[in-house]
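Here is a short walk through one protein model. Keep the sequence and the coordinates in view while reading.

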Amino acid sequence: MARNRKIYLREDEMPRQWYNLAADLKTPPYMSPDGAVPPEAWAPVFPMNLVEQEYSTERWIDIPEGVMELLTRWRPSPLHRAYDLEEALGTPARIYYKNESLSPAGSHKPNTAVTQAWYNKEFGIKRLTTETGAGQWGSALSFACSLIGLECKVFMVRISFDQKPFRKLMMQTWGGICVASPSNETQAGKAILEKDPDTPGSLGIAISEAIEQAVTDKSGQTRYSLGSVTNFVCLHQTVIGLETKKQLEKAGEKKVDIVIGCAGGGSNFAGLSFPFLYDKMNGADIDIIPVEPSSCPTMTRGPYVYDNGDTAEMVPLVAMYSLGHKFIPPPIHAGGLRYHGMSPLVSKAIKDGLMSPLALHQLECYKAGILFSKTEGIIPAPETTHAIAATIREANKAKEEGKEKVIVFNFSGHGLMDLAGYDKYLAGELTDYELPDEVIRENLKVIENYPKP
Ligand SMILES: *Cc1c(COP(=O)(O)O)cnc(C)c1O
């Protein structure tokens, strides 16, 4: 095979439909105390065209022309062959990575951000609210809203707002309004500030503020936007895997052995893996591996339960792997992927034995991130290093077994805005941390009396 480091697609070779895993895999319904939650119940939160996608069981859903137009700002993304990483490892495996770091916001998140912005605009919405932790999602949504002419309001966790100014500046550059949460703009925010004026804030509080501001807008022209977890977000991300399949074919690969992605809420992993999972369900022999941090071990140590998707208990119950909706990873953890639950579709695929989740400690992940930076050259986001570390493990296994395996992983984003974690790693300040069983048991007490899927 001639050496070809990057495999490109032309814009006219982009997928025209998303793959909807819900057609091939049934998940338990969303629940409230009154029973299953019908689509209409979401109307104040999301526009109905996206709610329809959330409940859809159509296998292929057309990507509207307007969304295609937005995606071509940076798509199709290249698939890279990691020749230099392979050489450094001395592995017979062929390693490929799908480079989602080339989007304007630096990750896969704009794939769904522009799509959600487009559907909201179609539905007559003028303004989106959302929350952000470190700022990756807030910046992606601000970018999307700026392209399409929607107002964007981002509630950013206070401590990140103060300590991580660069993503806030990206949001502002794209015209987004970024406020520190808790804020004085919502009842939820005011109540917290009254009790604790110096609170660092939390993602849970920021979500409550964003949802409150959307559902209380009397004009009816504000909705809430979510960056991961839901079925429609996973759906939008499947452009990643659909492109990858075409690119692997162009590279002359007839078979893929292992598909890997890091998983926080599950969306970038879902985006790469669901189209391969479709092949697996139709007979292909593929190992599909979502990777999480050992200090937030949702898939590997959490039970499959009904739990709130949000810390604030404002949205319906979701059937998923979860550590309990009040779970917060220990402060020593520097690698992102902190969500307490997991996408319902990814969770069900794991439950059905179709995927093999893996948890990794942070030192192994940062070490992998540094090796990748020094061989392939791109500095990965701390989240992405989980996928790289798992890939290195599989490549080493292939070496031991003397097998020419084909491994593909999702390079979900670059780490240029997240160098503080590398700083701590390089200074020797990071340690591994094994989460005690008691902590998991304690955190699961809040959902003891919830219905079971
Ligand atoms: C947000 C983010 C993730 C985690 O989110 P998922 O929904 O699990 O994909 C992973 N990598 C990067 C670079 C991110 O910005």
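The model is a predicted one.

Start with helix 4, residues 110-122, and helix 5, residues 136-148. On the helix 4 side, the contact residues are Pro-110, Ala-113, Val-114, Ala-117, Trp-118 and Lys-121. They meet Ala-140, Leu-141, Phe-143, Ala-144, Cys-145, Leu-147 and Ile-148 of helix 5. By class, this contact has 12 nonpolar residues, one charged residue and no polar ones.

Helix 5 also packs on helix 7, residues 165-173. Here the angle is about 15°, and the axes are again 8 Å apart. Angles under 35 degrees count as roughly parallel, so helix 5 is roughly parallel to helix 7. The crossing of helix 5 and helix 7 is left-handed. Helix 5 brings Gln-136, Gly-138, Ser-139 and Ser-142 to the contact. Helix 7 brings Arg-167, Met-170 and Met-171. The classes are two nonpolar, four polar and one charged.

Now move to helix 8, residues 187-195. Which of its residues are buried? They are Ala-188, Gly-189 and Ile-192. These residues span an arc of only 95° around the axis, so they sit on the same side of helix 8. What covers them? The cover includes strand 10 (177-181) and helix 9 (203-215). The face turned away from the buried side carries Gln-187 and Glu-194, which are exposed.

Finish in a loop. Ile-328 lies between strand 15 (317-321) and helix 14 (344-351). Is Ile-328 buried, exposed or partly exposed? A buried residue needs 20 or more C-beta neighbours within 10 Å, and an exposed one has 12 or fewer. Ile-328 has 15 inside 10 Å, so it counts as partly exposed. In sequence, Ile-328 and Ser-295 are 33 residues apart. In space, their C-alpha atoms are 9.5 Å apart.

Note on methods. Residues numbered from 1 in each chain as written. Predicted model: local features only at pLDDT ≥ 70, side-chain atom pairs only at ≥ 80, totals over all residues. Helix = DSSP H or I, 4+ residues; strand = E, 2+ residues; numbered from the N terminus. Arc of directions from axis to C-beta. Contact = placed C-beta atoms within 7 Å. Axes fitted to C-alpha atoms, helices over the stretch in contact; angles between N-to-C directions. Nonpolar A, V, L, I, M, F, W, Y, C, P; charged D, E, K, R; others polar. Parallel < 35°, antiparallel > 145°, perpendicular 65-115°, else oblique. Left-handed = near helix turned anticlockwise from the far one by under 90°.
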